[in-house]
Each structure stands twice: as C-alpha cells, then as structure tokens.
Amino acid sequence: MPWYQDISLTFSMKFTRLDVDYITSGMSFRVQDYKNMYRLESSKGWLRLVKIQNGRKTVLKEINHAAPEQIWMGYKIKAVGGNIKIYEDGALVINVSDGTFAGGRFGPYATVGMTGFKGITLQDYPANSTYTINGVAIVDSPVTYETTYWDPENDPAYTPGTQWHYDHTDPNKFLDVGDGKSGLSSVNGQTVNGPILSFDKVGLYTIKYRSPDDPNPNHRLANGDTSFQGYSQYSEWYSRSLIVHRRPIVQYTVAQAADETVQWSDSSYDPDHCYNAGSCQNGYQTNHGIYYEKYYYITPSGNTVIGKLVHPTESGTYTVGKAVGDEYRAWSDYLEQTIQISCSACTPGNPPATVLTFPNGDFNNPSQVSLQPTITWNQSDPDAGTVYSTFDLEIRDASGNCYECIYNRVMNTTNNAWSWTMDTPLLYGEKYQVRVRVSDGEYLSPWSNIGWMRTNSPPATYMTNPSGTQADPTMVNTLRPTLTWNQSDPDPGTVFQYFQIQITNEANDTMILDSGKRWQGTTASGGSWLVTQDLPAGPKLRVRVKVWDQYGAESEWSPVTWMRINRAPKADFTWTPDPAYEGDEVTLHNTSTDPDGDALQARWKVSGPAYEAEASSTDTLIPSSATDGHPGDYTVTLTVTDPYGASDTVTKIVRVGDLSVTGEVKHTARWEENRKAYNISRGGDAESPRPADTFWAGETFVLEAKTNRPAAQVEADMSSTDMRAQLQKDATATFWQGSMYRDDFERLPDGDYLFKFTAHWPNGHVETAVCRVKIKMSWLDYTASVRKQ
C-alpha cells in the first residue's frame, strides 16, 4: 500500500451486534508498523482517537456517543500536517493537534465480531499542504524546538537545570477577531524547566533558553552527586523570536454559468489581518491576507484531478476542494463542496504556456544578478479571458538542489507578464537555474525554459583615513574630517554604488555617527566622504565602512580603524612687570594651553619702537636695552603648535610707559610774601614786576620734583655752582623735596641760573628736568625792614 501524508479518509461502519462496551472497531491511519499509528476507535458508548507509539496507547480525545446495532454510521478522518479532525455523520466531533506521525498507511480493524465497513475512499491532498518556517507557529498547535549546547571545557549539559523563559512581547501584532486567541498569553513572564509546546494566544513572543553544565566528570549532578553543584555555571541566555498566528480561512461558492463553465466566487481571508474578506487592515485589502491557493476536484466518474474545476467534461456531481495559504505559508483545511453539472457540449480548456524572460543566460554565460533578483516571465493561454491564478517557481543550484521553490503562489491576474522577487538571498559567486510554470486554475502550464543566473562576488573595502590603531589613532585636526577608503571587487566592470560609514566610541557601545546607505556611483578604487556633523573632540573613535556594487552585493564591514579629533591649543601669554616702563626688562610668560595635554612649540615675534626680534623658546623677553629710552607700544605675537600641526596665534600690545620727572624751584614762604609785598608796593600787582621765577641773591631755594612712577633717587644741581641737593621722597616716592642755600649766595651776580633735576628709577633708567630761575638784586637791596632769611 502506498504511503500517504495529508489525507481525507471517508468510510461507513456498522456493528451487527454489541454486547459489551470495551471492545472496539475502527480505522487505523498513518500506520508506521504494528506498534506505531493513529487509530479511530468506536465502541458501544464512546468514540476516541488514540495514538499507539512503541506499542503503548495514548488517548488523544474521547467523546461519548451511542453506536446502535445494524445502523451504518458515516466517518471522515482529515489528517493534515499535525491537525487531525474526526467527523461522525457529518459533524465535527474530535479536533486535536499531534505531530508524532507525519504520514503512513491506513486500514480498518475490528475486535467486534461481524463489523461491517463500506465506502472506504481516500483523498490524498496535494503536496505542500503544510509548510514549516523557522520562528513561526500556529496557535494551539505543536511547536518543535531544536537546541544546541557547547561547553569550552567539554562538560556535558545538566539537563534538569535547563531553563526556558517566555515573554509575550507583542500581543497586539494581529487582529482580535473574537475567537479568544487574542490578548496576553498565560505563558507571559514564565520561567520553566522544559519548553512550552503550544501557545494559547497569537502575537510575537520572545523565548530565552539557557542550560547549566555538569562540571565534574567523577561527581555528576545527573547522577545525584551534588558535591560540585556550586561550580555549575549557566550559559548566557539565548534569545529567539516566535510569531504565533492563526490559519487562514477558506470561503468560496461555485456555480455553473450559462456557457457551462464553473464560476468561483472567493471570500477567503486571513483572520490575523481581516475580520472578513471585506474588512481588512491597511495593506491587506487586495489579497485579504491570502498568498497561496490549491485546488482539486473529483469527477462524477471518480477521477481525482489536481486543479481548479472550470471546464467540466461530464455531467453529474463533482466534489471540489480548495485550500488557501497565508504570508507564513500556513494552510487552511481543504473546504469541500459539491456542484451538479449539466453538460450539453462540455469541452475541456487549454493549458497555459510560460516563457521565462529573466534570467535569460545559459550555463556558460549566466545572467549577472543581485542576491535577491527579480524573476520575470511571459504567460499565455489560447482560452479567452484566462485568469492566471497561481505560479510555481523553482530556483535550484547548479547541482539541481532546490534553493527557493515557490508553489501555488497567488497571482489572480489577466496580465500576460509577471515577476517575482526572491525572498531568500542567494549566495555570492554561485550559479543558479530557474524555471517557472503557471496555472489558469484548471491546468498547469509545462515548465518554462531554464534560465541561468550567477550572483557576482561581493566587493571588499578598508579605511585609508583614518588608518590608526587603538594604541596609535590617526590624529585629525578638524571636527568634520574627510574620511577615505579603498574599494575593490574581483568582478570586472564593477560600479560601487553605495557606501556606509559608522563611527562609534572607544567602547563600541554608542553610535556617534551612522552615514546610512549613501550613493557614490563610481568605478574608482577609492571613495571619500566629508563628515556631516561635528565629531566629539578628545576621545578615541572607531571607524568602519562597507560598500555595495551595482548588483546589490555588499562587502563585509572593513576592519576597524581608529582616530582622535585633535583639539587645537589656545595661545595666550602675560608679561611682567605689568605695567612696564622704559628701562624695564619685560618677561613674556607663555600661558598657552592644550585641551589634550599635548606639548606645545612656541614661536614669538616682537616689534617695538626701535626693536624687532623673534624667538622659539617657551618664554621670552624684551630686554631693558630695548625699552630704555624707547617707550611706546610693542606688538607681541605668539603662535603655539601641537605635535599634530594644530596651532593657535594670539597678538597683544605690550605698552612700555614713559618715565618722567618735573622740577620746580620755589621761594620760601617768607620770601614769597616779600616778593608779593614788593610787587604790590611798586604797582599794585602781586606778580609784577618780580615774577615767581625771580629771586634775590641770598634767598634759600626750595626744590620740588615729581616723578610719574616711584623713583629710587632724585637730586638737583645748580648751574654756575658746585651745589647738589639730594631730595627727600614722600611715602609714594613720586614727590620729592629739598632746599639749597649757602652763605655766599648773597654774592650771586644777577643772571639766569639752571637747576637740573635728575631722577633715578630702580630699573636703572634716568630722566632729567631743567628749571630756569633768575637772580636780580641782592636781598640787601630789599627794604631795610627785610631781614635775611
């Protein structure tokens, strides 16, 4: 007997006589051998579905029923994938999920004497009724786990300590259609020691898995020896996502049209995205969440045809079936209906034809493609108004192994050209062969011509600026540097279409800048990009690049290179003394700083009233020989440069002040009164005819001097004499006083006399000032009442 996988098994059974309740008859299916199978068992008072595995029986589902004697009871077993449904007299009575046996043989059995069977018919469903996608499961259906374990010390896993953690991370991923399968799952937040084998709610789950090791080969935890349990270590959590969703729902009606063809009206939909075929989420209005469909029909003469009934060829009752698949390739059950056909001149339809248009290369000269190319073809049919319902597309490697094979994909189009973009990326540098066929619902076209394609090799790239290491990063003197890289490709004629650069911090846990995928469109072997935002100065930065060619092949990320944004120094200086005056030696103190702590080189330039100099020392000076006698503004420019060429310049005016002294010769208070009295007696004017600078011979000279800065010493010399007076300073050392008198002054002849005041400052600078006075008449000529002072 052949081996069957997905079946609909129909039969009728009659008990002639039932005396006890514990003996049964029924039907076995998916039989592996006499110890492994499923079995539908019927007794006098109950009906149950059992699994026999290695000779041990497990009841999957049991219901109470009354099985009358001498009455034929109708049964149907539908086993599709891991779902098993039992119908009794047309009513669904058992619905379970169990994936222990995927296929097998079938046959009746009886322990009740004189059990009758009749009308045993088997519908073997078309291939691909089920499809497994990693990370996707059906709600309330079995989930299969595959785990791996590796320990660097080759310690075995301690299986009893294994932990599984479940989070229902997005319970609202799919619609709530009122079937009780929406909302937060009961497994949310659970940590358990074994995997959960089915899920009660739809949505997105995060599943984490970890296992401890059994650390000592002589003291195994698995054997109950806990001596080294404290050394057992858990692995890191391994995390995966799981999408749990519903199966799609198939709905349709069929009717015979006036032209004797069968017209189908489909309202199938995916309840994850639609409340019904006319009320869907945005994006699903067109296909209602249905991506695949399959058909079969049984003719009145009993022939099973894989295809859609459109052109019946005989009158009578046809059984038609249709199943639909969703985006995750989960299939509905087949929905069967019957239709009465009356043919006066029923004629068969014609199959369509298909011509592959891309790829159009042969084995020796394949078409060059990207990793996910778009396959195109033309389709035709001699029948008028053909609707191309589905297509099958096979993409195989050079050895003929299926790489991505799509079957029963919905088109439902009248277009004579179609295309498909691959879901699974191809491998670099490999050849693939492609063929396609289409269905008009009723007939499949022959397979198209075979087209060959080859994915090109990926490019390679590495950074050229920066090119530094973590220990010695490339120093960059701008916040927005131009980054450069080398790019190459072993394939001829490569156009490097895009690039992407990422800059992260030294710990590689913060993205500083991601350029995103940017166009370059060049055949050049080098690329460059000016950074579009200021980068942080100071810390080390990691840089990497990747590039794409014209076929969409992308390079690996380049090896990481390192750079550091070198911050420019800040030039500054002060000077002492400040303020400075002529005769001072002015020391210029370099106070420049570098934010990165780099050593700096200094360059000085000084320009003054009678002085020009340059220096390369840290500090410098303006010598006193330059300032002495040359007060004024000295322009000082300091430029500092760090080891990476970043520099800064500052210019300041160092003002060297002028030192000065002024002197004055005055009368004593008494002689000042005499002078004024004399003038008044002569003409009434106190200041005439003898002004303040006119003295009588024999007066004492009162000497006063002022310096604009504190002086060290001031002295006064009188011309025509050898007289010198040292003046005394006040508290500020800027006001100086003294006097000059000698007995022979009364014999001084009339005439002009000069007093020279000489000021000495601590820095050695000397200034003089001259005051002119006049001697006229001796004090003896003054009135007899005036006495010598």
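This is a predicted model: local features need pLDDT of at least 70, side-chain atom pairs count only at pLDDT 80 or more; totals for chains, interfaces and linings use all residues.
**Exercise 1. Disulfides**

Task: find how many disulfides there are, which cysteines they join, and what handedness the links of C274–C280 and C343–C346 have.

Solution: 
- Step 1. Start with the bond type: a disulfide is a covalent bond between the sulfur atoms of two cysteines.
- Step 2. List the pairs. C274 is joined to C280 with an S to S distance of 2.0 Å, C343 to C346 at 1.5 Å, and C402 to C405 at 1.7 Å.
- Step 3. Number the bonded cysteines in sequence order, and the pairing reads 1-2, 3-4, 5-6.
- Step 4. Turn to the torsions. For C274 and C280 the torsion about the S-S bond is about 105 degrees, so this disulfide is right-handed. The link of C343 and C346 has -85 degrees about its S-S bond and is left-handed.

**Exercise 2. Cysteine exposure**

Task: decide whether C402, C405 and C771 are buried or partly exposed.

Solution: 
- Step 1. Recall the cut-off: buried means under 20% relative accessible area, and partly exposed lies between that and the over 50% of exposed residues.
- Step 2. Take the C402–C405 disulfide. C402 has a relative accessible area of 42%, so C402 is partly exposed. For C405 the value is 11%, so C405 is buried.
- Step 3. Check C771, which has 15% relative accessibility and therefore counts as buried.

**Exercise 3. The cavity**

Task: describe the volume and lining of the largest cavity.

Solution: 
- Step 1. Count first: the structure holds 1 cavity of 30 Å³ or more.
- Step 2. Give its volume: about 50 Å³ of space lies in the largest cavity.
- Step 3. Name the lining, which consists of M13, K14, F15, S42, A67, P68, I71, M73 and Y75.
- Step 4. The largest share, 3 residues, comes from β1.
- Step 5. Sort the lining by class: 7 residues are nonpolar, 1 is polar and 1 is charged.

**Exercise 4. Salt bridges**

Solution: 
- Step 1. Begin with the idea that side chains of opposite charge can pair when their charged atoms come close. A search of the whole structure finds 33 salt bridges.
- Step 2. Take D572 and K652, whose side chains meet at 2.6 Å, N to O. D572, at 29% relative accessible area, is partly exposed, and so is K652 at 26%.
- Step 3. Next come E672 and K676, with their closest N and O atoms 3.9 Å apart.
- Step 4. Finish with R742 and D722, whose closest N and O atoms are 2.9 Å apart. R742 is partly exposed at 29%, whereas D722 counts as exposed at 63%.

Methods:
Residues are numbered from 1 along each chain as its sequence is written. Side-chain values use heavy atoms; hydrogens and water are left out. A disulfide is a pair of cysteine sulfur atoms within 2.5 Å. Buried means under 20% relative accessible area, exposed over 50%, partly exposed in between (1.4 Å probe, protein chains only). On a 1 Å grid over the protein atoms alone, a cavity is a set of points where a 1.4 Å probe fits but cannot get out, and a pocket is an open set with protein on both sides within 12 Å along at least five of seven lines; lining residues have an atom within 4 Å of a point. Grid points are joined across faces, edges and corners, and a volume is the space filled by probe spheres set on the points. Helices (H or I, at least four residues) and strands (E, at least two) are DSSP runs, numbered from the N terminus. Ala, Val, Leu, Ile, Met, Phe, Trp, Tyr, Cys and Pro count as nonpolar, Asp, Glu, Lys and Arg as charged, and the others, Gly among them, as polar. A salt bridge is a side-chain nitrogen of Lys or Arg within 4 Å of a carboxyl oxygen of Asp or Glu.
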